[in-house]
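Dear colleague,

I am handing over the structure below, and my notes on it follow. Please read them with the coordinates open.

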Amino acid sequence: MKLFTYKQADGVDEAIKAASTKTISKFIGGGTNLVDLMRENIEQPDTVIDVTHLPLTDVEELEDGSIKIGSLVRNSHLAANKIIREKFPVLSQAILNGASGQLRNMATTGGNIMQRTRCYYFYDETACCNKRNPGSGCDAIDGYNRIHAILGTSFTCIATHPSDMCVAMAMLGAKIIVEGKNGEREIAFTDFHKLPGDTPNIETVLQQGELITSVVIPPQDFTKNSLYRKVRDRASYAFALVSVAAALEVENGSIKNVRIALGGVAHKPWRAFKAENYLMNKEVTEENFMLAAEEELKDAKGFEHNSFKIGLAKRTMVSVLKELV
Ligand SMILES: Cc1cc2nc3c(=O)[nH]c(=O)nc-3n(C[C@H](O)[C@H](O)[C@H](O)COP(=O)(O)OP(=O)(O)OC[C@H]3O[C@@H](n4cnc5c(N)ncnc54)[C@H](O)[C@@H]3O)c2cc1C
Ligand code: SF4
């Protein structure tokens, strides 16, 4: 591991100032991803800025009914929060489907959003990886790619974003609030993570020195009827092969409101806008659910070991929607 300087920030301004220098710096939340990557020499910051003392640890209901989640709220606390469990059960379910109790006790909301891919070749310093070393190639494309993406891939990278929590947040239409030296800005959750394109090393729209300060979920009653399902190789402690977060409102046998997002299939949490558009005002039938899933997955592209994900994503989507009915 490369030697680095450790700084503890006691205020948001101090954290942003410390990160806005020319040297490579990284914020550290729970450290459950960053420290692993530093041990493997994949992340090599000059400075690690500890943000865990910042006053961003609350979950609060705003006047308009939105819920504001501080970026230092630990995953366990967020999953157990009464307001979250009542208003957005899908978020609680998604978090509890991730990692382990010990990891969730450490992991923060901001760190979870910024966690990096689990592509095996990204973690292997001897492999070619455009994300780790731009221009070096991608050993996953013709290699073992069972866990890789089927939507939004590029010729440079087929990695997935591994978070469960983020799939629920994308489905709920959350916004990410970030603060940097030029002030605060708000980014739609679905615009925050990028597709790989020809710069898979640039994973989000966050600028150098910007800190995630909170996530805001807008008020919406129908998301009380929501569900997260994760399909994986083991019953616990495994990343999603495919996951689905969905919310549904049915009135007189037809669909009044629907939201769907997929995990384990793309470089970002994948909001299923095509399926949602297809389903609006349609009759609630299994056939319509399958047609919507087919619409969403029509541009999916499988690789040697992961083509099974295309059918799996469709079937999981249909099964979650049926359960919500
Ligand atoms: C064995 C294992 C199994 C796991 N299984 C799952 C799983 O099934 N599902 C799942 O979703 N996750 C899983 N995880 C990943 C886990 O959820 C993440 O490691 C965790 O959420 C990261 O949060 P953290 O606070 O520890 O982040 P850190 O490790 O502290 O940071 C991660 C990244 O976020 C950046 N960062 C942190 N806070 C901020 C901020 N406020 N603003 C801007 N940047 C910030 C850091 O600079 C760093 O780049 C697993 C991890 C392990 C080790
Ligand atoms: S899929 Fe992406 S992360 Fe994995 S080896 Fe290829 S470039 Fe690297």
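Which helices and strands each supply at least two residues of the shell around ligand 1? They are β2 (25-28), α6 (101-106), α7 (109-114) and β8 (211-217), where helices (H or I, at least four residues) and strands (E, at least two) are DSSP runs numbered from the N terminus.

Before the rest, some conventions: this is a predicted model, in which local features need pLDDT of at least 70 and side-chain atom pairs count only at pLDDT 80 or more, while totals for chains, interfaces and linings use all residues. Residues are numbered from 1 along each chain as its sequence is written, and chains are lettered from A and ligands numbered from 1 in the order in which they are written.

The secondary structure of the chain comes to 13 helices and twelve strands, and its C-alpha atoms fill a box of roughly 60 × 50 × 35 Å along the principal axes.

Ligand 1 is surrounded by 29 residues, a residue being counted if its C-beta atom, placed from the backbone, lies within 6 Å; the closest are Gly29, Gly30, Gly98, Gly110 and Gly111. The most is given by α7, with four residues. By class, this shell has 14 nonpolar, 13 polar and two charged residues, where Ala, Val, Leu, Ile, Met, Phe, Trp, Tyr, Cys and Pro count as nonpolar, Asp, Glu, Lys and Arg as charged, and the others, Gly among them, as polar.

Around ligand 2 there are 14 residues, the closest being Cys119, Tyr121, Cys129, Cys138 and Cys157, and by class this shell has ten nonpolar, two polar and two charged residues.

Finally, in the contact between α12 and α13 (C-beta atoms, placed from the backbone, within 7 Å), Glu286, Phe289, Met290, Ala293, Glu294 and Leu297 of α12 meet Ile310, Ala313, Lys314, Met317, Val318, Leu321 and Lys322 of α13. By class, this contact has nine nonpolar, no polar and four charged residues.

With best regards

How values were computed: Two residues are in contact if their C-beta atoms, placed from the backbone, lie within 7 Å.
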